[in-house]
Amino acid sequence: MVGPSGAGKTTLLHVAACALRANSGRVLVDGQDPWAMSSWRRQQLRGHLFLAPQSPPLPPRQRVITAVLAGRLPAMSLASSVRSLLYPIDIAGAHAALNSFDMADHLFDRVDRLSGGERQRVGLARALLAPARLWLVDEPLSSLDPVRAAHSLKTLREQAAARGITLVVSLHQVEMALANFPRVIGLRDGAISFDAPSSQVSPEQLRGLYAHEPAQLDMGDELAEQPDPEAPVPMHWR
Amino acid sequence: MALEPGTLISPAHAAAVRDPAWRGRVAWMLLAALLLWPLLVLTEFRPWQLLQPRSLRVTAHFLAGFVPPASNRDFLALVARETWRTVAIATAGVSLALLLAAPLALLATAALSVSSLAGRMAVLPFAVRQAARALMVALRTVPELVWALLFVRVVGLGPTAGVLAIGLTYGGMLGKVFAEILESCDAHPTRTLLANGSGRLQAFAYGLLPQAAPELTSYAIYRWECAIRSSVVLGFVGAGGLGQQMDSSLKMLAGSEVATMLLVFIALVGLADAVSAWLRRSLR
Amino acid sequence: MSRDPVAGPMLRLPASVSALRVRNSWVLLAALALVVASFWSLDLHFSAFWSSEAIRAMSRFAAEFLPPDSSPAFVRKVVLAAGETLAMSALGTLLASMLGLLLALPAAYTHSRAVWRVPTRLLLNGLRAVPELVWASLMLIAAGLGPMAGTLALTLHTTGVLGRLFAEAIENTPPGPAFALRTQGAGPAQVFLYATLPQVAPQLLSYALYRWENNIRAASILGVVGAGGLGQMLAYHLGLFQMARTATVLLAMLALVLAVDATSYFARRAMTR
């Protein structure tokens, strides 16, 4: 999903995650209306969805390993959750998840000792442990430098493809969206502006999306591929 | 193998990694267990004793009396009288405390110091101020129940002991807080007045009091509300009022009377809380 | 009339009776009336206080106070009683923290529905409203004389206090992490353990330690009604006018309060490092 700030990307993701109830219209998840279910069944349904908010929802004094393992909570019984607090149940699994985002060496650090970008990557690593079939990720690259941003996006896509998981990501970096995702939805002022395969999205449509905030239109052509690690990394112009 | 934070682990070793916080946690848990044991022994903590048949019978009989609470006219009249006495003891006690606290607070506040107008305070005034402070600390530290026990022995059972106990303890508390409030006010008008030759009381009345009055009154009202609770507690050692009545009813295991008085007490405290909050709000 | 531009300020009506300054005067009058009524209705024997017998008794006390009794046998008894009092306060605070946390969950606005919240808050308020000494007298019926009654009394009262404080702390926690976990499908207990508790734990511990400072003072007193510890010794020796021994007990109380205050202060400082 692309669109200017305030277009409704976050709201749409929250509605899709059954975290927010829409005032009008209907949401169908797997053909069922989640708000017509009992709250217990809805909570079961939520276990199959994973929402990664824009600011990483990690308690500051918690350690990274506990924060990451929390992704698996919907699949854990209460007894094993309590046991995991005393001694982490799946250190190897957490390590593997963090390793995919290059954070494995911070396994036992405290969250408040990490930088913003590192916290964001821990939040993404949670997804790899969640028993979810749908990943809803809200602006995962906002705190990441270009190299890490490209790497994280690549990891998300590869993991989702390998596990057969639907991945929905909201992005400001339009070129990255077009390059990495087969389908792009443009949002503006709370309505869908276009919904097309990325190969068919025209620059006019994009400019129309950002008509009132051209400065937000991020056509970072130079970041379409991963730059050579030896070469100096170009700075984001925005 | 234990792990220091920040070390790189290759995936092959990941399976063998142990949580480095585990050792610390085990140590804390052992320490807690080690400390808990003497606690349980010293307090003779045997909660199963509550469920022994003899104890259970007494408790059940007592609690059964709670419903319905005693409501015959004579008893209610007695409770009303004692409730008024409790409020009266609290009010009289706080009045005495104010009489005690006002001069002590004035003595202790450095804002009224004439000798410090020119620079550092002279030795004798400083000593006097510290002595006033020390006296307030001493009055505050001795629990009011101890004062009440002492006074009951001297003047006999009855409200006098309670009023004196509250007067002394609360005098110390009020004095300390009043002094702090006065210190936190802007001292400039007062110092100007003193520098121009006004007497200390005048400087206080015209310089400090206008600023501090709302806070002083607010705290005094709050303490009055606390005093009502204190006077019920003091009643248990013979200082009169609702507390003394509750004590005698408890000793007779008269559950219904105790129930009525507990309800009245909770209502009284709630009422005092509401009145105090309303007064303090309307001061602003 | 007061708005007539020709008339001017001279014709302004006097302030109505409900105006602020006038109302303050009413309040002051009511307060003075209350004070006068209090002193008049109580039969206070201040004269007894100044009677020669009373003065003699008081000067006898003052003289006997120092030096405090320091015979080894008595000091040993005092130390044991101090240990009992310390244990009462510590165990009472500990139990109250656990119970308070348990009750704080249904009492917090963020975690529960009104059907749980209202009765829990009522219960906590009720526990808090009754002073520790009154609870102790009640517990003596069930538990008999001794420190267990005191421990139970402290537990009950402090549960009310801490339960309310804990509930407010939980309500004021930043909701982000809990929201994310709930949206993910975690159960309410899991959300509490993994998101809310890590954020709020230092504050809860701080409240409990601060309450311990209050409880050591309360525990010292509870013995007066028979709940063991230093209070029981105090009431006993004061009743027999053994002022030297009373002085020792009072010194022990003071030392205990200072020790607990210091421990609590340093523990709380260490947590915020």
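Which residues does B:Ala148 touch, not counting residues up to four places away in sequence? B:Ala148 touches B:Ala161, B:Gly162, B:Ala165, B:Leu234, B:Val237 and B:Ala239, where a contact means that C-beta atoms, placed from the backbone, lie within 7 Å.

Before going on, a word on conventions. Residues are numbered from 1 along each chain as its sequence is written, with chains lettered from A and ligands numbered from 1 in the order in which they are written. This is a predicted model, in which local features need pLDDT of at least 70 and side-chain atom pairs count only at pLDDT 80 or more, while totals for chains, interfaces and linings use all residues.

**Cores**

B:Ala148 belongs to the largest nonpolar core, which has 129 residues. Together with B:Ala165, C:Ala136, C:Ala153 and C:Leu222, B:Ala148 touches the most other members. Such a core is a set of buried Ala, Val, Leu, Ile, Met, Phe, Trp, Tyr and Cys residues joined through C-beta atoms within 7 Å. Buried means that 20 or more other C-beta atoms lie within 10 Å of a residue's own, C-beta atoms being placed from the backbone.

**Chain B**

Chain B has 11 helices and 0 strands, counted as DSSP runs (helices H or I, at least four residues; strands E, at least two) numbered from the N terminus. The radius of gyration of chain B, taken over C-alpha atoms, is 28 Å, well over the 19 Å that the globule rule (2.2 Å times the number of residues to the power 0.38) gives for 284 residues, so chain B is more spread out than a compact globule. Its C-alpha atoms fill a box of roughly 80 × 75 × 40 Å along the principal axes. Buried residues account for 38% of chain B.

An automatic or database assignment divides chain B as follows:

| Domain of chain B | Residues |
|---|---|
| domain 1 | 11-42 |
| domain 2 | 73-283 |

The centres of these two domains, taken over C-alpha atoms, are 48 Å apart.

**Helix α11 of chain B**

Helix α11 (residues 255-283) has 29 residues and reaches 42 Å from its first C-alpha to its last, close to the 42 Å expected at 1.5 Å a residue; the expected span is 1.5 Å times one less than the number of residues. Its buried residues include B:Gly255, B:Met261 and B:Phe265. Among the elements covering the buried residues are α3 (53-64) and α9 (200-235) of chain B.

Conventions
Buried ≥ 20, exposed ≤ 12 C-beta atoms within 10 Å, placed from the backbone. Contact = placed C-beta atoms within 7 Å.
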